[in-house]
Amino acid sequence: MKKIVDDLRLVYKCCDLYYTDEMTQQDICDSLGLSRATVSRMLKIGRERGIVRIEVINPIDFDYGKLEKDLERKYGLKEVIIVDNQPLDTEEDRVQRLSEASFDYFSHLFKDGDTIGVAMGSTLYHVANVKKKYEYDKQFLFVPMFGGISQMKVGKVNVQANQIAANFAQKFGGRYVQFLAPAVFRNEEVMKGFLQEESVNYIYDYFKKLNSVIMGIGIPDRNSTMVSAGYIKEEQLEKFVEHGAVGDIALRYFNREGNTEPFREFNDKVASIPIKELKKVENRIGIGGGAAKADAIKGAIRAQFINILITDVDCAQKMLQ
């Protein structure tokens, strides 16, 4: 005896009522005199047999959904945003695309009342200065993740952390605080004593309230911001590379496995959010593109410095090889 669920005419009718007429399953049960379980089964058969075809349209007109999912699954990331590359792109074009994608992402990620930590560097400077307007009525508090009392510049641009926090507050609306300390000390003991002062250590209360942090991802290159800012000398950087350094994030160097221990002689002199505190932040966003940064990004992920990545196609494909 033929089962009722094998009646394709009835399957079609159920699907048509559900998807075209937008009737509820219970309404279909009442209309056709079928049980809820039968209607549910017929809707499933409709999808399996191709009677119903469901198409998901990406509203952003953007082709990298599968690539993003592959990266998220491979590296256990919360979210990946990938931007396009063109064969003739300059480094300026790459930075511009990443900055615009970052701005768009932050525009819907940030919630009213959020406290957001920002690093230093040219990447974040460009994000805060994209030619787009933030039009939502929300209030945020931006917190520099490490000291920034120097006039650190890349070209004519001030990219130290306090200035970046001010730039973000101006772009997105809200307030910012300052971390009134050098970013890097020559002596660790001097740094510890300095950071105990009440006029400085208030910043650690803000670190405990962070909802998101935003960081550029660097590589150990003599043309990097770290060198041009005078934070590290070329000789020391070359030594770190010999010991396996592949990248830096939030002014800390790490190797391919995400281990920071081999570089403590520098890392321990950084006046910054403690690494344990950083890893507790819900949204830890890293921004970096180009195939040359693939190893640095993988190390940052393994160290649990980031759980959200904004990158480009070149870097994404290199990471999946």
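Is Lys132 buried, partly exposed or exposed? With a relative accessibility of 29%, Lys132 counts as partly exposed. Here buried means under 20% relative accessible area, exposed means over 50%, and partly exposed lies in between (1.4 Å probe, protein chains only).

A word on the ground rules. This is a predicted model, where local features need pLDDT of at least 70 and side-chain atom pairs count only at pLDDT 80 or more, while totals for chains, interfaces and linings use all residues. Residues are numbered from 1 along each chain as its sequence is written, and side-chain values use heavy atoms, with hydrogens and water left out.

**Salt bridges**

A search of the whole structure turns up 16 salt bridges, each one a side-chain nitrogen of Lys or Arg within 4 Å of a carboxyl oxygen of Asp or Glu. Side chains of opposite charge can pair when their charged atoms come close.

| Pair | Closest N to O |
|---|---|
| Arg94 and Asp312 | 2.5 Å |

Helices (H or I, at least four residues) and strands (E, at least two) are DSSP runs, numbered from the N terminus. Arg94 is buried at 19% relative accessible area, and Asp312 is buried at 0%.

Back to Lys132: Asp104 lies in helix α5 and Lys132 in the loop between α6 (122-127) and β3 (140-144), so their bridge ties together parts that are 28 residues apart in sequence. Asp104 is partly exposed, at 37%. Elsewhere, salt bridges that share partners join Glu91, Arg94, Asp312 and Asp314 into one network.

**Helix α4**

Asp70 and Lys66 both lie in helix α4, four residues apart, about one turn of the helix. Asp70 is partly exposed at 26% relative accessibility, whereas Lys66 is exposed at 62%.

What is tucked away in α4? The buried residues are Leu67, Glu68, Leu71 and Tyr75. Looking down the axis of α4, these buried residues fall within an arc of 100°, so they line one face of the helix; the arc is that of the directions from the helix axis to the C-beta atoms. Lys66 and Arg73 are exposed on the other side of α4. The cover over the buried residues includes β1 (79-83), α15 (294-302) and α16 (313-320).

Tyr75 counts as buried at 15% relative accessibility. Leaving aside residues up to four places away in sequence, Tyr75 touches Lys298, Ile301 and Met319, where contact means heavy atoms within 4.5 Å. The Tyr75 side chain also reaches the backbone oxygen of Met319 at 2.6 Å. After α4 comes Gly76, with a positive phi near 65°.

**Around Leu8**

Leu8 is in helix α1 and counts as partly exposed at 41% relative accessibility. Not counting residues up to four places away in sequence, Leu8 touches Arg49 and Ile51. Ile51 belongs to the loop between α3 (36-48) and α4 (65-75) and is partly exposed at 33%.

Methods: A polar contact is a pair of N or O atoms within 3.5 Å; within protein, one must be able to donate a hydrogen and the other to accept it, and residues adjacent in sequence count only if both atoms are side-chain atoms.
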